[in-house]
Amino acid sequence: MVRKITKNSKFSIILIVCLFTVGVLYFTLSPSKESYASTVTPEKINDTYDYPTNIDIPEDIDPEGKALLTRTKTEADEDKVENWELTWSDEFDGEEIDRTKWTYEIGNGADYGNPGWGNSELEYYTDEAQNSYIEDGNLVINAVKEEVPREEAGQEFFYTSAKLTTSGLFSQAHGRIEVRALLPEGDGLWSAIWTLGANFNEVGWLPSGEIDIMELIGREPETIAGTLHGPLSSGLGITSDYSLPEGKKFTDDYHVYSLEWDEDELEFYVDDTLYHIVNKDESNYEYGEIEWVYDNPQYLILNLAVGGHLGGAVGEDNIFPSEMKIDYVRVYEDTNPETVEEEMIDTIYETPGVIKGEKSSGIDQFKNGNFDNGTDGWDTYVGFAGDAEIATENGETKIAIKNEGEQFYSIQYFQGFFDLEIGKEYVVEFDARSTIPRQFQVVVDNRAYERYLDETFELTDSTETYSFKFVMPANDSVSFKYLMGLFNEPIGNEHNIYIDNVVFKETGIVKDLESKNDESTDILINNGSFDDSFDAWETYILSDELGEITVEDGQAKFAVKNEGDMFFTISLNQMNIGKAKKGQEYRVTFDANSSLPRKFQVIVDNKDYVRYLDEVVDLTTENKSYEFTLTIPNDDDINLKFFAGLIDGEEPLTKAHDIFIDNVKFSTNLVMNGTFEDSLESWEPFLLSEELGEITVEEGKAKIMVQNEGDMFFTLSLNQMNVATLGREQEYIVKFDASSTLPRKLQVIVDNKDYVRYLEEVIDLTAEDKSYEFKFTMPYKDDVNLKFFAGLMDGEDPLYKTHEIFLDNVSLTSK
């Protein structure tokens, strides 16, 4: 499901990065069962949840989408067959926190490899009595401002708080989770009740799934949010907000925050009022099956954060200490085997046409650029201390700004998502002015915030027409945004921005992004399989009597009568194959054989004949594959040449013979310093603590000296971050050599910044140096990292002996 962000959606734009957590060994506790009669009645649900009626089905929608939009069953139908029985709870009626039910995460995330918990948070979590305790039948999580800061990884932290989890103690798949809590108010506070996949340490954050049952930002005490974070919805998530009636605050009284979770959907409640549904079938329709990762057990997390991307700037110190009080936590399972299938999809925030049926026509769905219909089709976001009202006036959109807020994205006006196509050129045009001079930004970006258009300029009190063009490098769904938050210094004055005559459309120009051109920085061999021609190749023969070069059976054939007296007398060349980059490693591969044993030379050089590769191979009658790597010392345009003349130091054969070559490829090793030339340059070693070992270079190999594997796979790792941007639906190959002085397992992973894994392999190392090769296909365009993990693999016993792992010849290439 693509979440259409509404005017009340204060959480939807923010990148909410998961808190990097450890301790995933889990089992399910089974206390004595108690019956639970659901307080949610069919009548109450129908009164509170605005299921759509009289749906206008788009004519061009596909059958699958139409079937989704014509469903009639609701949560009220499902409620009739639910029978909840208690499986786990904590009523907090003892004198101390029950450590058989709860464990803690300590610090600010650096010890977990995730400083600031991925959100630039300011708190240091403790298990101390001042930060979490039992009082009057409540668990109290207390955020405190410290006189003496806590220290971690060279940083000081002036706030302490607590984060309790059931990781390793309790987890469950599906059921009902209830938490009754009283939340704190104040700038910089961030309360959260959430769950994380119990397989987190095996698959990473997004593939394990995160369910935010409740998040409240202390500066906005009247609004909470419920959100799912999966592999494709990522940091943005599939989210919805809820506000109490009559402007009441969640910080004034206790409320019950609940999640009902079964095999086909998740439902979010406040005081048994249903406000957000995420349906599996709709998620699969929008994202594909990769997004739905919510059929595995999840463990519970309760925390009160300070600051961070979502918590924002900390306000006056008198908000401290601040208490988050939890009356109880209860988890139930549905013991009734009856189910209700094909419930209505969540269209409360997005009209049915916004799913795949209308989106398929792409940019045609952009509408109301002249604001004849008010703000119809446009969405707004105001947050991070921003204060603005957006409406139409005299046929223009007027953004009345009282405060720009704390971030450039604090005030937004946008439409999307739209499906744009690779190679097509698009234009954005509009008129704009401001009552005072100020910065203004227009952006076209995708769900991962990768920008295809990004323009910032100054508005004046004179209406100007602005026009920007861009070409899509890939097929992608994008949103179109105006950003009007804080740029550089605060303006400090109330002002108005006016926008009109907005156009977002195709220009009609289509560019061939796959063809080779003079400005390409890619290294490309054209026609390396010699498909019935020498297209892109140049043949050179010093004189006709030396022989000829032709194509036979899809191979290049050198019919050599006489080698002449120099190596270059007969050659096959491809000139200007591309601009090689300084320090980048490349690989040349080809197949070759000869009807007589002889030597054959392959060279990569530049226009001045400076050689970057110069190899002589011994050909036989057996067809063999050859592979060579090279690194260019400076950016340079290069050529690839094969020489079949008389190789230096060799005697002429004096017999006619044939040489065949095929499958010529020149690939880029996207990994920098994959041969570890005397250093770990471009690599980032990670050790959870120094006593675990050391990562160095020895004799041109990366050496991971392991004294102790620790208790998790990631405790020792060697990583190359942001290796490259890989293309959608492209196949890639990871290769490396590895050995270990003791038999053990090693894990290699290719993932993105959100820990979504595109390659995950565990190999058995021995003392014998072996070569490993793995292939994977990218589901979509993304920036990736390459990581080798030498900690304790899941399901393995520790070695308890010091040993060494060696890595060399690491490469990541396109197929």
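Trainee: Over residues 347-361, where does pLDDT stay, and how many contacts beyond four places in sequence does the model have for them?

Mentor: pLDDT is the predictor's confidence in each residue, from 0 to 100, and a contact means heavy atoms within 4.5 Å. For residues 347-361 pLDDT stays under 50, and the model has 42 contacts there beyond four places in sequence. Residues 513-522 also have a pLDDT below 50, with 17 contacts in the model beyond near neighbours in sequence. Where pLDDT is low, the predicted coordinates should not be read in detail. This is a predicted model, in which local features need pLDDT of at least 70 and side-chain atom pairs count only at pLDDT 80 or more, while totals for chains, interfaces and linings use all residues. Residues are numbered from 1 along each chain as its sequence is written, and side-chain values use heavy atoms, leaving out hydrogens and water.

Trainee: What is the mean pLDDT of the protein?

Mentor: The mean is 84, and 87% of the residues reach 70 or more.

Trainee: How many helices and strands does the protein have?

Mentor: Helices (H or I, at least four residues) and strands (E, at least two) are DSSP runs, numbered from the N terminus. Here there are 8 helices and 48 strands. Of the contacts with a separation of 6 or more, 76% are between residues 24 or more positions apart.

Trainee: Is Gln441 buried or exposed?

Mentor: Buried means under 20% relative accessible area, exposed over 50%, and partly exposed in between (1.4 Å probe, protein chains only). Gln441 is in strand 24, residues 438-446, and counts as buried because its relative accessibility is 5%. Across the protein, 56% of the 815 residues are buried. Beyond its neighbours within four places in sequence, the contacts of Gln441 include Phe408, Arg451, Tyr482 and Phe487.

Trainee: With which side chain does the side chain of Gln441 make a polar contact?

Mentor: A polar contact is a pair of N or O atoms within 3.5 Å; within protein, one must be able to donate a hydrogen and the other to accept it, and residues adjacent in sequence count only if both atoms are side-chain atoms. The partner of Gln441 is the side chain of Asp454, at 2.8 Å.

Trainee: How far apart in sequence and in space are Ser717 and Gly791?

Mentor: They are 74 residues apart in sequence, yet 7.3 Å apart in space from C-alpha to C-alpha. Ser717 sits in strand 42, residues 716-726, and is buried, with 2% relative accessibility. The side chain of Ser717 also makes a polar contact of 3.1 Å with the side chain of Asn719.

Trainee: Which peptide bond to Pro321 is cis?

Mentor: Most residues other than glycine have a negative phi, and most peptide bonds are trans. The bond from Phe320 to Pro321 is cis, with omega near -5°, and Pro321 lies in the loop between helix 7 (308-311) and strand 18 (322-334). Gly416 and Phe417 are also joined by a cis peptide bond, with omega about 20°.

Trainee: What is the phi of Asn394?

Mentor: Phi is near 55° there, a positive value in a residue other than glycine. Asn394 occupies the loop between strand 20 (386-393) and strand 21 (396-404) and is exposed, at 76% relative accessibility. Glu699 has a positive phi too, about 50°; this residue is exposed at 78% relative accessibility.
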